[in-house]
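Good morning, and thank you for coming. Please have the sequence and the model before you.

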Amino acid sequence: MNNIILDELPLDLKNPFNFNKLYTRESCNVSVIWIVYDKNKKIILSKGVSRPCGFNHGKTSIHAEQQAINYCRRNNNKTKYVIYIWRYGKTGNVKPMYCCTQCTKMAKKYNYTNKIFTFNQDNICPAVIDDPPLSLAYKTYLNKTYLNKI
Ligand SMILES: [Zn+2]
């Protein structure tokens, strides 16, 4: 069990959740934690963790934002729900996570670009940004493609 003390989130939560349950030392920094938050009731409606490929016995991982968007679409209450994504560092510090190119496309398709946020030094910031990072899997793919050519 890990007894690391995780940073508190800059959120008003009526149903606090112990995120230690989602934190693992081996996959911190790369695992992305997501919550769907009801901003009227100030409660977490759903949460989960997206681990990178390899931690899931070779299954392709579904990105945190995709899981969260799927939850919102199933429950279809667009006005009240917001999505937060972030990571924890080795010391339990909160680190921002920005949507990758694929998730940005999905967020645009379903009109969620202004509903996904991340935490950066106690601030809440948009997670959909102008110049989205490539996903880890895609980076690995590019590296392999590059290596095959040389
Ligand atoms: Zn993504």
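This is a predicted model: local features need pLDDT of at least 70, side-chain atom pairs count only at pLDDT 80 or more; totals for chains, interfaces and linings use all residues.

Leaving aside its neighbours within four places in sequence, Arg87 is in contact with Cys28, Asn29, Ser31, Val32, Ile33, Lys95 and Met97. By contact I mean that the C-beta atoms of two residues, placed from the backbone, lie within 7 Å. Residues are numbered from 1 along each chain as its sequence is written.

Is Arg87 buried or exposed? Arg87 counts as buried because it has 22 C-beta neighbours inside 10 Å. The rule is that a residue is buried if 20 or more other C-beta atoms lie within 10 Å of its own, exposed if 12 or fewer, and partly exposed in between, with C-beta atoms placed from the backbone. One of the contacts, Ser31, is 56 residues away along the chain, yet the C-alpha atoms of Arg87 and Ser31 are separated by 6.2 Å.

Arg87 lies in strand E3. Helices (H or I, at least four residues) and strands (E, at least two) are DSSP runs, numbered from the N terminus. Strand E3, residues 81-88, runs parallel to E5 and is joined to it by three bridges; two strands pair if DSSP finds at least two bridges between them. Within this pairing, Tyr84 has Phe117 of E5 as its bridge partner.

Strand E5, residues 116-120, is mostly covered, with four of its five residues buried. Four bridges also join E5 to E6, residues 123-126, and these two strands run antiparallel. There, Phe119 is bridged to Ile124 of E6. The hairpin of E5 and E6 has two residues between the strands, and Gln121 in it takes a positive phi near 50°.

Let us turn to helix H2, residues 101-109, where Cys103, Thr104 and Ala107 are buried. Seen down the axis of H2, the buried residues fall within an arc of 105°, so they line one face of the helix; the arc is that of the directions from the helix axis to the C-beta atoms. Their cover includes helix H1 (64-75) and E5. The face turned away from the buried side of H2 carries the exposed residues Thr101, Lys105, Lys108 and Lys109.

Finally, the whole protein has three helices and six strands. Of its 150 residues, 26% count as buried.
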